[in-house]
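Hi,

Here is the structure I promised to hand over. My notes follow below it.

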Amino acid sequence: MATALYRRYRPESFAEVIGQDHVTTPLRRALNAGRIGHAYLFSGPRGCGKTTSARILARCLNCAQGPTDTPCGECDSCRDLARDGAGSLDVVEIDAASHGGVDDARELRERASFAPVRDRFKVFIIDEAHMVTSAGFNALLKLVEEPPEHVKFVFATTEPDKVIGTIRSRTHHYPFRLIPPQVLGPYLREVCDAEQVPVGDGVLPLVVRAGGGSARDSMSVLDQLMAGAGDDGLDFPTAIALLGFTDTALLDRAVEAISQRDAGTLYGVVEEVISTGHEPRRFVEDLLERIRDLIVLAAVPDRGGDLLPHIPADDLERMHAQASTFQPVDLSTAGELVHETLSTMSGATSPRVHLELLAARLVLRDQTGAGAVAGQAGAPGGAAPGAQADREAGPAGGSGRDEARRIAQERA
């Protein structure tokens with residue numbers, strides 16, 4: 001049974017952590033200088049390295065040559081806390097989602113009162129710390145405020161605002177961030193080379209996009225693609241179909257139809273989206289992202305490679321040609337229409353109708369606003385034709401019901 005990819009390549013030192021230099025550099029300096037706090041708070045999105053960094057910190061603190069910023073990897077503590085190690089009795093990981101009550105806090109206080117079994121420090125890593133109840137935090141407050149010399153705390157959470165202020169104020173807070181594509185893409189390439197799996201053009205940008213900046217999520221997606229890869233490795237059509245993204249050729253046809261206001265082609269794209277089983281909301285998301293990329297290329301055409309690093313060079317050249325067929329204001333209007341449709345598609349029972357209405361609005365995006373302005377300009381004094389007719393009819397136009405019916409018919 002193969003171990004998950006994100007577990008096999010889990011970092012074992014701060015030097016191996018990617019995309020978090022703003023956290024790892026100060027931590028390494030503090031370890032080298034001996035300025036070690038008694039409690040730390042690691043916050044950030046899921047899969048960005050919070051719990052892994054907490055384990056590395058425990059490894060650095062308990063290394064036989066430490067405290068050091070680079071664990072030796074040879075002492076008993078380093079081997080026990082390695083990615084394939086058996087674990088250490090002096091490093092305790094607690095899942096606060098199921099152990100966040102007052103009784104759990106009392107048990108932790110009792111365990112903290114005992115000296116370490118073998119290592120230098122007893123380190124408590126509390127994962128999902130925002131799940132600890134207020135009563136549980138209050139029970140821990142005195143211990144976190146004045147712990148024994150041999151006790152260190154590391155709180156890891158995705159929602160630091162839910163950690164009560166009295167606990168936060170007694171910790172060193174390090175905010176983790178999502179990993180940018182410029183860093184995550186080359187790292188995934190190194191993993192594929194280490195696994196000796198060929199990767200086709202455009203596959204890794206899809207993996208980075210599916211992972212959303214999370215290293216663990218991206219590694220899980222890559223692991224899934226590797227598991228289903230053929231003899232030729234990871235190819236683009238398989239990745240597109242498996243991850244649910246819209247085919248690039250389909251997006252190209254949609255964008256060209258929008259630029260030329262070709263209703264027939266655009267409705268053909270909608271029909272293909274529905275008939276091939278694509279998720280309509282996913283198609284609208286991909287279309288909105290494509291229009292966003294075109295807006296960027298239209299604004300700064302000479303910096304497309306820097307601002308859109310996830311797009312292959314040949315696709316970028318084709319998108320340059322697409323952006324040149326639009327006016328910047330036209331692209332912005334199309335983006336607003338797609339964004340409005342995307343906002344109304346959550347929980348929609350008829351996604352096809354939403355797609356067809358979007359196609360109509362995109363084809364007629366200039367005529368709707370122009371028609372309204374022309375109608376207002378044609379009436380005397382800038383009034384709409386319906387309002388002018390209302391004034392001309394006056395009170396002698398019959399009963400109120402007949403008058404309302406006549407106004408409704410004129411406006412229709």
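R8 has a relative accessible area of 30%, so it counts as partly exposed. The model is a predicted one. R8 forms a salt bridge with E195, with the closest N and O atoms 3.2 Å apart. E195 sits in helix α8 and R8 in helix α1, so the pair ties together parts that are 187 residues apart in sequence. E195 is also partly exposed, at 27% relative accessibility.

The structure holds 28 salt bridges. Another one pairs R261 with D330, at 3.7 Å between the closest N and O atoms. This pair links distant parts of the chain: R261 is in the loop between α12 and α13, and D330 is in helix α17, 69 residues away. R261 is partly exposed at 31%. D330 is buried, with a relative accessible area of 10%.

Within helix α14, R292 and E289 are 3 residues apart, about one helical turn. Their side chains meet in a salt bridge (3.7 Å, N to O). R292 is partly exposed at 40%, and E289 is partly exposed at 23%. Salt bridges with shared partners join R209, D286, E289, R292 and D293 into one network.

Now helix α18, residues 351-363. Its 13 residues should span 18 Å at 1.5 Å a residue, and the end C-alpha atoms are 19 Å apart, which agrees. Which residues of α18 are buried? They are L355, L358, A359, L362 and V363. Seen down the axis of α18, they fall within an arc of 130 degrees, so they line one face of the helix. Their cover includes α12, α13, α14 and α17.

Best wishes

Note on methods:
Residues are numbered from 1 along each chain as its sequence is written. This is a predicted model: local features need pLDDT of at least 70, side-chain atom pairs count only at pLDDT 80 or more; totals for chains, interfaces and linings use all residues. Side-chain values use heavy atoms; hydrogens and water are left out. Helices (H or I, at least four residues) and strands (E, at least two) are DSSP runs, numbered from the N terminus. The expected span of a helix is 1.5 Å times one less than its number of residues. Buried means under 20% relative accessible area, exposed over 50%, partly exposed in between (1.4 Å probe, protein chains only). The arc is that of the directions from the helix axis to the C-beta atoms. Contact means heavy atoms within 4.5 Å. A salt bridge is a side-chain nitrogen of Lys or Arg within 4 Å of a carboxyl oxygen of Asp or Glu.
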